Amino acid sequence: DEPQDAVAKAGLLSRLTGQGGAVVKRELDDDMLEQLEELLIASDMGVDTALRVTANIAEGRLGKRVSSDEIKALLAGEVARIMETVARPMPLYASKPQVVLIVGVNGAGKTTTIGKLASQFRAAGKSVVIAAGDTFRAAAVEQLQVWGERAGVPVLTAPEGSDPASLAFDAMSKAEADGADLLMIDTAGRLQNRQDLMEELAKIVRVIRKKDPDAPHNTLLVLDATTGQNAINQVETFQKLADVSGLVMTKLDGTAKGGILVSLADKFGLPIHAIGVGEQIDDLQPFDPEEFAAALIG
Ligand code: GDP
């Protein structure tokens with residue numbers, strides 16, 4: 001059982017195909033396909049997706065001689081094809097303010113992502129207001145204020161333990177009064193008490209809809225790519241808690257090359273709006289399927 005790290009470090013295919021690039025050809029047989037499946041599964045791609053990708057590659061090629069470069073290109077093509085369907089920037093709307101609700105478990109990177117997004121919107125000439133909706137975590141509020149300062153964006157806060165929905169309502173009023181283009185609302189990520197969190201999120205949505213029936217215009221689920229298959233559970237859970245419209249995948253700068261993204265794309269088809277590639281303010285990028293596929297296959 002190869003550790004996943006070894007796969008990530010070596011690049012997905014080097015173990016299977018070894019050296020030889022375009023020169024050495026091997027017969028594409030069941031044994032090779034099985035190894036390929038194992039590698040894909042070890043990359044977090046998920047069993048179903050790995051089997052389907054492998055089957056697509058095998059089609060019409062079983063028993064033929066292929067080089068490792070050919071296999072790589074086929075594999076990268078399959079991955080890129082799946083990922084192209086979900087690579088989409090966050091849609092922008094004309095409403096003022098358009099509301100972006102940010103959900104996700106604690107530690108996924110919500111605060112950081114809000115800071116990075118705020119900075120990008122500012123750079124694009126948009127005015128932004130942030131509401132620190134995780135009112136039960138003082139540290140989260142402070143962190144968000146730091147990010148707000150970095151991005152040059154006001155952060156609205158409420159006393160510790162106060163109702164996030166009332167903060168969201170006030171934030172809507174302020175953003176309206178200021179003529180802000182965007183209001184980003186942070187939310188709590190404590191999954192320990194799902195019922196509470198569900199009611200809290202539902203109430204936030206209810207009060208902001210009093211001001212704008214179309215809000216929130218985007219509900220972004222922030223996921224930590226290094227949590228592997230656990231991300232699947234998080235999507236399932238948050239889809240029950242909120243009307244998730246898109247994903248931001250964080251921590252793709254680490255050893256995890258993000259096979260989990262393929263699994264998510266295949267299973268849920270939710271758009272991936274952006275990826276986090278570091279802890280700094282500029283470390284948020286659009287999701288590029290081809291680049292991703294090339295990095296994953298290695
Ligand atoms: P929150 O609890 O969901 O608000 O998560 P935070 O935004 O506080 O992030 C948790 C930790 O992950 C912090 O140490 C961040 O610096 C780090 N982090 C967030 N996004 C990224 C990323 O894209 N890459 C890396 N390397 N670290 C990240």
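How many helices and strands does the secondary structure of the chain come to? In this predicted model, the chain comprises 12 helices and 10 strands. Its radius of gyration is 21 Å, close to the 19 Å that the globule rule gives for 298 residues, so the chain is as compact as a globular protein of that length.

**Overall dimensions**
- Taken along the principal axes, the C-alpha atoms of the chain fill a box of roughly 65 × 40 × 30 Å.
- Buried residues account for 52% of the 298 residues in the chain.

**The sheet**
- An open sheet is formed by 8 strands, in the order β5-β4-β6-β3-β7-β8-β9-β10, and its pairing is mixed.
- Val99 stands opposite Leu183 in β6.

**The annotated domain**
- An unreviewed UniProt entry carries the annotation "domain: AAA+ ATPase" for residues 96-254.
- Over residues 96-254, the chain is 46% helix and 18% strand.
- The end C-alpha atoms of residues 96-254 are 37 Å apart.

**A nonpolar surface patch**
- Ile41, Val47 and Leu51 make a nonpolar surface patch of about 220 Å².
- Of these residues, Ile41 is found in helix α3 (residues 30-42).
- Ile41 counts as partly exposed because its relative accessibility is 34%, and partly exposed denotes a value between the 20% limit for buried and the 50% limit for exposed.

Key. Residues are numbered from 1 along each chain as its sequence is written. This is a predicted model: local features need pLDDT of at least 70, side-chain atom pairs count only at pLDDT 80 or more; totals for chains, interfaces and linings use all residues. Side-chain values use heavy atoms; hydrogens and water are left out. Patches are made of residues with over 30% relative accessible area and no salt bridge: like charges are joined within 9 Å, nonpolar side chains (Val, Leu, Ile, Met, Phe, Trp, Tyr) within 5 Å. Accessible areas come from the Shrake-Rupley method with a 1.4 Å probe; for residues, only the protein chains shown count as cover. A salt bridge is a side-chain nitrogen of Lys or Arg within 4 Å of a carboxyl oxygen of Asp or Glu. Helices (H or I, at least four residues) and strands (E, at least two) are DSSP runs, numbered from the N terminus. Buried means under 20% relative accessible area, exposed over 50%, partly exposed in between (1.4 Å probe, protein chains only). UniProt positions are given in the numbering used here, feature names are shortened, and annotations may be inferred rather than shown by experiment. Two strands pair if DSSP finds at least two bridges between them. The radius of gyration is taken over C-alpha atoms; the globule rule is 2.2 Å times the number of residues to the power 0.38.
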